[in-house]
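Dear colleague,

I am handing over the structure below for your attention. My findings follow directly after it.

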Amino acid sequence: MALRREPHVLVVGGSDSSGGAGIARDIETISALGVRTCLAVTAVTVQTHEAVTEIHNLQPDLVADQMRAALQANEVAAIKIGMLATEQIIVAVANVLRENPQIPAVVDPVLASSSGRPLLEIGAIGVLKHELIPLCRLVTPNLIELAILAGSELAMDEDGALQQGQKLLTAEQQALLIKSGHAVGCRSTDILLRSGREPVRFDAPRLAGSMRGTGCALASAIAAHLANGSLLEDGVRRSKLLVFEKLRKIGSSGLRVP
């Protein structure tokens, strides 16, 4: 019963046998911030740090049942969503979110692996946009994911990215964190976009280090801070600092790590 009263983040996503991304990175990040996790696995992948060789998607009802069991067993204070794989799994996850509208959900729209293998069916993108994203407190696309979700070409500047982001905001309580990791230049500026508010920019030097699972880590850290009662902007700022410091250490060592 003691565990039940502690805030948990329910992590919904795919496994990564290499440990570099997916639910492995989620658990590592959330646990480092002192928050407990519970799980709903959507897919089992076979992958190394270089490539994904197999993907086995779970049945949508099994994904939903995992979520409901985790919610029943624990005090879930935030939900972090990653790889969803299929249209049917998206619908199943969305149904559970509708049953629990009081719990903030952070979705990292995982469309492909770092090596380029698709992790979401092409036909499921529309379902993700219309069925799931409107139910989430925060969406964290990079520039490539943003363009795909907006049905546009890759944004060439900040104005273009903001226009694409506005297309995805459908409710006042929603927010979008546009990640600039795929941009160029000596500065990296992520933008928190909310309906009816001025954009908030998080600016930092662009670092040379490379790490798989940075998107997973950032979204997971934000979910952990929300679970602990942080306001969204503060949670994003603290999570950005966490990921920045990890990348800074990698960059200073000159290494590329999983």
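The side chains of Asp65 and Arg68 form a salt bridge, with N and O 4.0 Å apart. The model is a predicted one, and the values in this message are computed from it. Asp65 and Arg68 are 3 residues apart in helix 3, so about one helical turn separates them. With a relative accessibility of 46%, Asp65 counts as partly exposed. Arg68 is likewise classed as partly exposed, at 33% relative accessibility.

Helix 3, which holds this pair, also packs against another helix. Helix 3 covers residues 60-73 and helix 4 covers residues 87-99; their axes lie 8 Å apart and meet at an angle of about 25 degrees. Because angles under 35 degrees count as roughly parallel, helix 3 is roughly parallel to helix 4. The crossing of helix 3 and helix 4 is right-handed. On the side of helix 3, the contact is made by Pro60, Val63, Ala64, Met67, Arg68 and Leu71. On the side of helix 4, the residues are Gln88, Ile89, Ala92, Val93, Val96, Leu97 and Glu99. The residues of this contact between helix 3 and helix 4 comprise 10 nonpolar, 1 polar and 2 charged.

Side chains of opposite charge can pair when their charged atoms come close. The count of salt bridges comes to 13. One of them joins the side chains of Lys80 and Asp26, at 3.1 Å from N to O. Lys80 belongs to strand 4 (residues 75-81) and Asp26 to helix 2 (residues 22-32), so this pair ties together parts that are 54 residues apart in sequence. Are these two residues, Lys80 and Asp26, buried or exposed? Lys80 counts as buried, with 1% relative accessibility. Asp26 is buried too, with a relative accessible area of 1%; the cut-off for a buried residue is under 20%.

A further salt bridge links Asp234 and Arg238, whose closest N and O atoms are 3.5 Å apart. Both residues lie in helix 9 (residues 232-253), where a spacing of 4 residues places Asp234 and Arg238 about one turn of the helix apart. Asp234 is partly exposed at 33% relative accessibility, and Arg238 is partly exposed with a relative accessible area of 42%.

Where is Ser15 placed? Ser15 sits in the loop between strand 1 (7-14) and helix 2. Ser15 is buried, its relative accessible area being 18%. When neighbours within four places in sequence are set aside, the contacts of Ser15 are Ile23, Ala43, Val44, Thr45 and Gln47.

Finally, some totals for the chain as a whole. The chain contains 9 helices and 11 strands. Of its 258 residues, 51% are buried. Among contacts between residues at least 6 apart in sequence, 70% join residues at least 24 apart.

Yours sincerely

Terms used
Residues numbered from 1 in each chain as written. Predicted model: local features only at pLDDT ≥ 70, side-chain atom pairs only at ≥ 80, totals over all residues. Heavy atoms only, no water. Axes fitted to C-alpha atoms, helices over the stretch in contact; angles between N-to-C directions. Helix = DSSP H or I, 4+ residues; strand = E, 2+ residues; numbered from the N terminus. Parallel < 35°, antiparallel > 145°, perpendicular 65-115°, else oblique. Left-handed = near helix turned anticlockwise from the far one by under 90°. Contact = heavy atoms within 4.5 Å. Nonpolar A, V, L, I, M, F, W, Y, C, P; charged D, E, K, R; others polar. Buried < 20%, exposed > 50% of the residue type's maximum accessible area, 1.4 Å probe, protein only.
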